[in-house]
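This report examines how parts of one protein chain pack and pair with each other. Please consult the sequence and the structure shown below while reading.

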Amino acid sequence: MSTFKQEAVYQQAKKWVKEAGAIIRQAIDQPREVDTKSDANDLVTEMDKKIEQFFAENIRDTYPTDRILSEEGFGDEVKDLTGTVWIIDPIDGTMNFVHQKRTFSISLAVYHNGIGEIGFVYDVMADMLYHAKRGAGAYKNEKKLTPIADHKKLSESILMLNTFWCTSNNKVNDEKIRKLVQSVRGTRTYGSAALEFAYLAEGIVDSYISFKLHPWDLAAGVILFDEVGGKTVQANGKPLTFLNQDPMVSAHPDIIDQIINDYIELK
């Protein structure tokens with residue numbers, strides 16, 4: 001079994017993330033080439049592709065035996081997490097990137113033999129880097145994030161979800177989701193799944209549910225939240241695969257079972 005050099009990979013990945021962020025910031029006001037993917041609201045730009053290519057070329061030059069799981073076509077066909085796998089979303093929150101020029105992120109995670117070793121979520125325009133190494137805690141820039149509170153009640157929690165899931169859909173019982181919304185203190189949505197996980201790790205929100213996230217949307221954020229004591233599972237309570245589009249729940253351990261058992265009914 002190969003040895004994973006966590007610190008060396010972390011330092012190299014951090015350098016690439018910051019360099020990629022600088023490329024985006026320098027071009028933020030340039031005209032965009034915007035296309036759609038699965039539907040009219042699933043956007044991709046020339047910058048998404050440019051940044052993913054930047055990571056792919058650097059990873060393959062430096063770590064030629066590693067594999068890449070990514071969104072825009074520069075990755076490998078990854079069907080398992082053996083060895084070292086880089087999971088990348090070059091711009092998470094492309095709609096925010098196109099329309100608002102803020103509140104989007106670079107998400108990069110490194111998994112070794114199925115274990116999340118390194119996670120970066122970079123709020124590019126705010127120059128705010130959330131980062132974690134397994135077993136070493138999570139950080140916001142240079143400040144170590146405090147572990148989440150010892151106890152949490154659902155009625156005192158802030159929930160993140162896309163309001164689409166409160167409407168009729170083919171993934172989940174929307175009536176139960178509306179009851180969940182009525183049971184919490186408040187709801188939020190930010191338009192970047194990776195940043196939403198970073199906010200969980202920061203402790204400014206308490207739970208997050210989604211039913212269409214890809215591995216690159218959540219792989220880095222899950223590592224961040226793990227490092228402060230959070231829990232993330234599939235919406236049926238099983239472990240995440242980090243290979244499929246898993247419906248998922250991420251929350252304080254005190255409330256995650258209540259959310260799944262009382263309010264989540266998958267179709």
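Is the crossing of α1 and α2 left-handed or right-handed? In this predicted model, the crossing of these two helices is right-handed.

## The packing of two helices

Two packed helices are described by the angle between their axes and by the distance between those axes. Helix α1 covers residues 6-26 and helix α2 covers residues 46-62. They pack at an angle of about 155°, and their axes are 11 Å apart. Because angles over 145 degrees count as roughly antiparallel, α1 and α2 are described as roughly antiparallel to each other.

Which residues make the contact? Helix α1 contributes W16, V17, E19, A20, I23 and I24. Helix α2 contributes M47, K50, I51, F54, F55, N58, I59 and T62. Sorted by class, the contact consists of 10 nonpolar, 2 polar and 2 charged residues.

## Salt bridges

Side chains of opposite charge can pair when their charged atoms come close. How many salt bridges does a search of the whole structure find? The search finds 12 salt bridges.

| D127 | K18 | 3.0 Å |

The salt bridge brings together D127 and K18, with the closest N and O atoms 3.0 Å apart. D127 belongs to the loop between β6 (115-123) and β7 (128-133), whereas K18 belongs to helix α1, so the pair ties together parts that are 109 residues apart in sequence. D127 is partly exposed, with a relative accessible area of 34%. K18 is also partly exposed, with a relative accessible area of 32%.

D76 is in the loop between β3 (67-70) and β4 (84-92), R60 is in helix α2, and the two are 16 residues apart. D76 counts as partly exposed at 30% relative accessibility, and R60 is partly exposed with a relative accessible area of 33%.

K140 lies in strand β8 (residues 138-140) and E202 in helix α5 (residues 193-202), so the pair ties together parts that are 62 residues apart in sequence. K140 is partly exposed, with a relative accessible area of 23%, and E202 counts as partly exposed at 25% relative accessibility.

Is L195 buried or exposed? L195 has a relative accessible area of 0% and is buried, because buried means under 20% relative accessible area. Apart from its neighbours within four places in sequence, L195 is in contact with D92, T103, F104, S105, V121 and D123. L195 and S157 are 38 residues apart in sequence, and their C-alpha atoms are 18 Å apart in space.

## Positive phi values

T103, one of the residues in contact with L195, is found in the loop between α3 (94-99) and β5 (105-112). The phi of T103 is near 55°, a positive value in a residue other than glycine. T103 is partly exposed, with a relative accessible area of 23%.

N141 is not a glycine, yet its phi is positive at about 50°. N141 is found in the loop between β8 and β9 (143-144), and N141 is partly exposed, with a relative accessible area of 27%.

Technical notes
Residues numbered from 1 in each chain as written. Predicted model: local features only at pLDDT ≥ 70, side-chain atom pairs only at ≥ 80, totals over all residues. Heavy atoms only, no water. Axes fitted to C-alpha atoms, helices over the stretch in contact; angles between N-to-C directions. Helix = DSSP H or I, 4+ residues; strand = E, 2+ residues; numbered from the N terminus. Parallel < 35°, antiparallel > 145°, perpendicular 65-115°, else oblique. Left-handed = near helix turned anticlockwise from the far one by under 90°. Contact = heavy atoms within 4.5 Å. Nonpolar A, V, L, I, M, F, W, Y, C, P; charged D, E, K, R; others polar. Salt bridge = Lys/Arg side-chain N within 4 Å of Asp/Glu carboxyl O. Buried < 20%, exposed > 50% of the residue type's maximum accessible area, 1.4 Å probe, protein only.
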